[in-house]
Amino acid sequence: MRPTRRGYATLALVVVALWAGLTAGPRSLNAVVMPALVAVGYGWLSLRRRAPPTVTRSQPTPGFPGETRDITLRTDGAGPVTVTDSVGERLARRGDRPDGYSVELTERGVGRLGPATTTETDVFGLLSRTAERGDPTDLLVYPAVEPLAPSRRFAGLVDEAGSPERDAFASLREYVPGDPLRNVHWPSSAKREPGELVVTEYATPDEGGITIVAASDADSADAMATAAASVAVHLLDRGLTVGLVAPNGRVPERRGPTARTDMLALLARAGPGRPADEGDVRIDAATEETTITIAEESFTFTELTGANA
C-alpha cells in the first residue's frame, strides 16, 4: 500500500500545517492536520479490510499472424479499481477500449496475456494497493499458410474432381501391362532406364490417406511449420484424408475442419527436429531452403508457392 499523488499532496499539506502550528499556534493543527490524518487512516483501514478484486479475461480464439483479437477484462471489486494487462511475445497491443484492449498476432507460437495488475484506491483517492490478479491466458498463433500455385507436383496426390477411381495417393510401383497411361508417374520414370515406367497407385477413401512428415534444422522450425501447414491445408481443402507427423507429435489421418485445426495447433507449437517416420510427403526445412519430396521427386517450397514466378 502506498500514497497516490493526492496522498503525497495531503502529506505535504500536513507537514506544512505542522510547521505552521509550531510557529502560529495549535489551531493550525486542529484545522488541517487532524482531518487529513483521519482521512488517511480511514483510507488505510478501508483498503486493508477490502476483499481483493477478481479479474476475468475473455478467452481469445487462435489465429494467424496479422490477425487481431479483442480482449475483454471484467473486474469484481468493492471499491475503485483499474486494471492493466501485460502482453507477451508473439503478440502486440494495438489499442485500448473501456472494457479491454486489442492485440495483433505477430509470430507463430504460444502468446501469453497477463497476469493482470489491479490498482485499488480508497474512497478519498489518498492510498493505493497494487497486485497481480488471476492466471495468464495463452493465445495460440498458427503458422502462416501460403496458397499453393497450380502445379503438376501434386498430380499423384490430388486428382481432378469427379474421378472416383483416383481419390488419394497410395504408393509408386512398376508398370505392368494394362495399367492406364494416365497413372504413369513421369518424373520418377524419367530417372529410370529407357522403357521402365513407374505408375502411381491410388487409395479409395476408406483405404487411408496422405501422411505428411515435417522435419527441420535448429533454426528453421518456422519455415517447416509454414510449409507443412500450407501443404496440409491444400490437401484437406480438396477433401483428402491427411495425417501429420511433426517433431512434437502427430495427428492421425483424418479429413475435415477438425483435422485442419488439430494440425495447425500442432505446428503452432512445433520446434526443430527430425522424425524418423516415412510419409507420402516429406518436408525438410534447412537454413538455406525448404525442400519437399513427393515419392522420388524433390523441389523447393518456393517452387510450390510460385514465389519465384
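1. A polar contact is a pair of N or O atoms within 3.5 Å; within protein, one atom must be able to donate a hydrogen and the other to accept it, and residues adjacent in sequence count only if both atoms are side-chain atoms. With that in mind, the side chain of Ser 220 reaches the backbone nitrogen of Thr 287 at 3.4 Å, and the side chain of Ser 220 also makes a polar contact with the side chain of Asp 219, at 3.2 Å.

2. Some notes on the basis of these values come next. This is a predicted model, in which local features need pLDDT of at least 70 and side-chain atom pairs count only at pLDDT 80 or more, while totals for chains, interfaces and linings use all residues. Residues are numbered from 1 along each chain as its sequence is written, and side-chain values use heavy atoms, with hydrogens and water left out.

3. Ser 220 lies in the loop between strand S12 (210-216) and helix H4 (221-236), where helices (H or I, at least four residues) and strands (E, at least two) are DSSP runs numbered from the N terminus. Ser 220 is buried, because its relative accessible area is 4%, and buried means under 20%, exposed over 50%, and partly exposed in between, with a 1.4 Å probe and protein chains only. Leaving aside neighbours within four places in sequence, Ser 220 is in contact (heavy atoms within 4.5 Å) with Ala 285, Ala 286 and Thr 287.

4. Asn 248 is found in the loop between strand S13 (242-246) and strand S14 (249-254), and counts as partly exposed at 35% relative accessibility. Not counting residues up to four places away in sequence, Asn 248 touches Leu 266, Arg 269 and Ala 270, and a polar atom of the Asn 248 side chain lies 3.0 Å from the backbone oxygen of Leu 266.

5. Salt bridges deserve a careful look, a salt bridge being a side-chain nitrogen of Lys or Arg within 4 Å of a carboxyl oxygen of Asp or Glu. The structure holds 15 salt bridges, and one of them joins Arg 57 to Asp 85, with the closest N and O atoms 2.8 Å apart. Arg 57 lies in strand S2 (residues 54-57) and Asp 85 in strand S4, so the pair ties together parts that are 28 residues apart in sequence. Arg 57 is buried at 13% relative accessible area, and Asp 85 is buried at 6%.

6. Asp 284 forms a salt bridge with Arg 274, again with the closest N and O atoms 2.8 Å apart. This pair links distant parts of the chain, with Asp 284 in strand S15 (residues 281-285) and Arg 274 in the loop between helix H5 (257-268) and S15, ten residues apart. Asp 284 is partly exposed at 27% relative accessibility, and Arg 274 is partly exposed at 44%.

7. Strand S5 (residues 91-97) and strand S6 (residues 100-105) run antiparallel and are joined by six bridges, strands being paired if DSSP finds at least two bridges between them. The two strands form a hairpin with two residues between them, and the bridge partner of Arg 93 in S6 is Val 103.

8. Arg 90, in the loop between strand S4 (81-87) and S5, has a positive phi near 75°. The peptide bond from Gly 114 to Pro 115 is cis, with omega near 5°, and Pro 115 is placed in strand S7 (residues 109-121).
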